[in-house]
Amino acid sequence: SSSSSSSSSSSSSSVEVSNHLYFMSTSEVQKRKMEFLLLHARSLHYEGKLTQARKIFDFVLAQEPENVDAMRGIVSLSFDQSNVESSLEHVNSILAKHPEDSWSLARKGWMIFTKAKKQLAKDDAGLQINDHPAVLTEVQNALSILSQSINIEAAQPQSMHLHWIAIIHWELDQKQLAYRFFLQSAKADPNLASNFAYIGLYAQNVEKDVEKAKKCFQKSLLLDSQQEVAGRALSDILVDLKQNTLALNLFYKATESSNSKALWAWERRGWMEVQQGPHGL
């Protein structure tokens, strides 16, 4: 009797779902369809299938030209394809209609900073931001826009937005201010590896605390074995301490994945393997 009861319950649930779908309006069905497509597009983006993801975002926008989530998808995707101009164009389209959209403000600020850094490298790779008036103006503008996004988010600022502000202060050689923002970002998201990388740099270069720095770099690499800032800094410390076996293990860990993009680890692993020769370390 329990099995017949279970069967009856299952049948009843199916009828309820069918009835729900039947009575959904055309607009509701369309909304669910767009939500599913956007979810699929984000998944493809995450997997690195950028062309396929872009086609879906474009399709959704063709159906719903005001769909902010589709616009955001294109903003992120274009930026990951190094097409900053296209990304800025789409983010400005969002802000034209939603001027207090903190997500878009933050990305606009970060993109302006990215463009300014590229301009600096193009003009003179040896210059610092503070030595290039035009670039400095753009970077300050980027910082101002990012700060707007944080003010809008108020009680719950996004960890990545705090992190970007910290990076800009770091690049402006405002290390103590940057450190405060890295700490805030780490508090908002304890799993963002790059925060601990920079907190480690602060410990190493400002506080002169190598042991604290090592722990921060290790924490960063525990979260992301391919994290470049932490990886380079920790391997430098290990090599200086003649702990070459530990350094080599660090490189192996960062390069063990077949799709590893940790070029820094591949380079240093190759160099160390040549140095150790056929007899080991």
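## Ser 235

Ser 235 lies in helix H12 (residues 228-240); helices here are DSSP runs of H or I with at least four residues, numbered from the N terminus. Ser 235 is buried, with a relative accessible area of 0%. Buried means under 20% relative accessible area, exposed means over 50%, and partly exposed is in between (1.4 Å probe, protein chains only). Beyond its neighbours within four places in sequence, Ser 235 is in contact (heavy atoms within 4.5 Å) with Leu 250, Phe 251 and Arg 268.

## Basis of the model

This is a predicted model, in which local features need pLDDT of at least 70 and side-chain atom pairs count only at pLDDT 80 or more, while totals for chains, interfaces and linings use all residues. Residues are numbered from 1 along each chain as its sequence is written, and side-chain values use heavy atoms, with hydrogens and water left out.

## His 40

His 40 is placed in helix H2. His 40 is partly exposed, at a relative accessible area of 36%. In sequence, His 40 and Phe 57 are 17 residues apart; in space, their C-alpha atoms are 9.7 Å apart.

## Helix H9

Helix H9 covers residues 175-188, 14 residues in total. The expected span, 1.5 Å times one less than the number of residues, is 20 Å, and the end C-alpha atoms are 20 Å apart, which agrees.

The buried residues of H9 are Ala 178, Tyr 179, Phe 181, Phe 182, Ser 185 and Ala 186. They cover an arc of only 170° around the axis, so they are on the same side of H9; the arc is taken from the directions from the helix axis to the C-beta atoms. Gln 176 and Lys 187, on the other side of H9, are exposed. The cover over the buried residues of H9 includes H8, H10 and helix H11 (210-223).

## The largest pocket

The largest pocket has a volume of about 830 Å³. A pocket is an open set of points on a 1 Å grid over the protein atoms alone, where a 1.4 Å probe fits, with protein on both sides within 12 Å along at least five of seven lines; lining residues have an atom within 4 Å of a point.

The lining of the largest pocket has 25 residues, and Phe 79, Asp 80, Trp 110, Met 160 and Trp 164 lie nearest the centre. At least two lining residues come from each of H2 (26-46), H4 (68-80), H6 (102-124), H8 (159-171) and H10 (193-205). H6 gives the most, with 6 residues. By class, the lining has 13 nonpolar, 7 polar and 5 charged residues; Asp, Glu, Lys and Arg count as charged, Ala, Val, Leu, Ile, Met, Phe, Trp, Tyr, Cys and Pro as nonpolar, and the others, Gly among them, as polar.

Definitions and conventions. Grid points are joined across faces, edges and corners, and a volume is the space filled by probe spheres set on the points.
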